Amino acid sequence: MGEWGSRVCYLCFTLFVIPSIIFLLIFLPQEPKFTITDASLTQFNLSANNFNSNNKLLIYKLSLNVTFRNPNNKVGFYFDRVRVIANYRKKRFALVTLNNTTPFYQGRKNTTVLHNVVLEGQQTMSFKEKDDEHYELETSSGVYSIDVKLALKLRVRYGKIKSTYFKPPTINCNNLKLSLSNHNDHRENGGLNFKPVKWYK
């Protein structure tokens, strides 16, 4: 690389990486909090693939209301990418990116609600016999256990200072119990009896 190239790399490291690390070590902001405040599962149908009995086609529609809360007095967050991932039987069947082109900023002591986050489509799933049996049991009960995850890419802001991009660990909301919206045994007052659920690492 040569002496000049080494100096440029060292200068970039000094100007950008070290200040970001110092910033995070000094202020240590509290993590943003995430909650699923409402959820609706209106379609969750599994059918066999004629070519391979282990492959199943899952047709789904899952709608969520998600709350982002910033508990910090002096620190804001830029959410440059927010991905919502849904798994069933530890197999991913849906992924949606909420702000692929436009980051959003969450200010200090602020709560942001994302209404009607929709995961809809179809996905081929590789199921074993025990997975089929589990699905049949849940279909009989009308309640499905779904794992929902958040994958983030964000920056921290303090005053006019912004950190570099970083990706925190995936945030999990496992074993979310959801009934089909047309399954009368699990409805109250015409809607799902859903209690808010917090995400965790």
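This passage walks through a predicted model, starting with its confidence and moving on to a strand, a helix and a few backbone angles.

Confidence first. The protein has a mean pLDDT of 82, with 77% of its residues at 70 or more. Among its elements, strand β4 (residues 91-97) comes out highest with a mean of 96, while strand β10 (residues 187-188) sits lowest with 40. One covers residues 4-8, and beyond near neighbours in sequence it has one contact in the model. The other covers residues 183-192, and beyond near neighbours in sequence that stretch has 15 contacts.

Next comes strand β3 (residues 76-88). Of its 13 residues, 12 are buried, so β3 is largely enclosed by the rest of the structure. Its pairings can be taken one by one. With strand β7 (residues 143-158), β3 runs antiparallel and is joined by 11 bridges. With β4 the pairing is again antiparallel, over six bridges, and Ala 86 stands opposite Ala 94 in β4. With β5, the antiparallel pairing of β3 counts three bridges. Tyr 78 turns up in two of these pairings: its bridge partner in β7 is Arg 155, and its bridge partner in β5 is Tyr 105.

Asp 131, Tyr 135 and Glu 138 are buried in α2. They lie on the same side of the helix, because their arc around the axis is only 65 degrees. An α-helix has 3.6 residues a turn, so residues three or four places apart point the same way. On the face of α2 turned away from the buried side are the exposed residues Glu 129, Lys 130, Leu 137 and Ser 140. Just after the helix, Gly 142 takes a positive phi of about 85 degrees.

Lys 109 is one of them, at about 45 degrees. This lysine is found in the loop between β5 (104-106) and β6 (110-126), and Lys 109 is exposed, since its relative accessible area of 56% is over the 50% cut-off. Asn 175, likewise not a glycine, has a positive phi of about 55 degrees; Asn 175 is found in strand β9 (residues 171-179).

How values were computed:
Residues are numbered from 1 along each chain as its sequence is written. This is a predicted model: local features need pLDDT of at least 70, side-chain atom pairs count only at pLDDT 80 or more; totals for chains, interfaces and linings use all residues. Side-chain values use heavy atoms; hydrogens and water are left out. Buried means under 20% relative accessible area, exposed over 50%, partly exposed in between (1.4 Å probe, protein chains only). Helices (H or I, at least four residues) and strands (E, at least two) are DSSP runs, numbered from the N terminus. The arc is that of the directions from the helix axis to the C-beta atoms. pLDDT is the predictor's confidence in each residue, from 0 to 100. Contact means heavy atoms within 4.5 Å. Two strands pair if DSSP finds at least two bridges between them.
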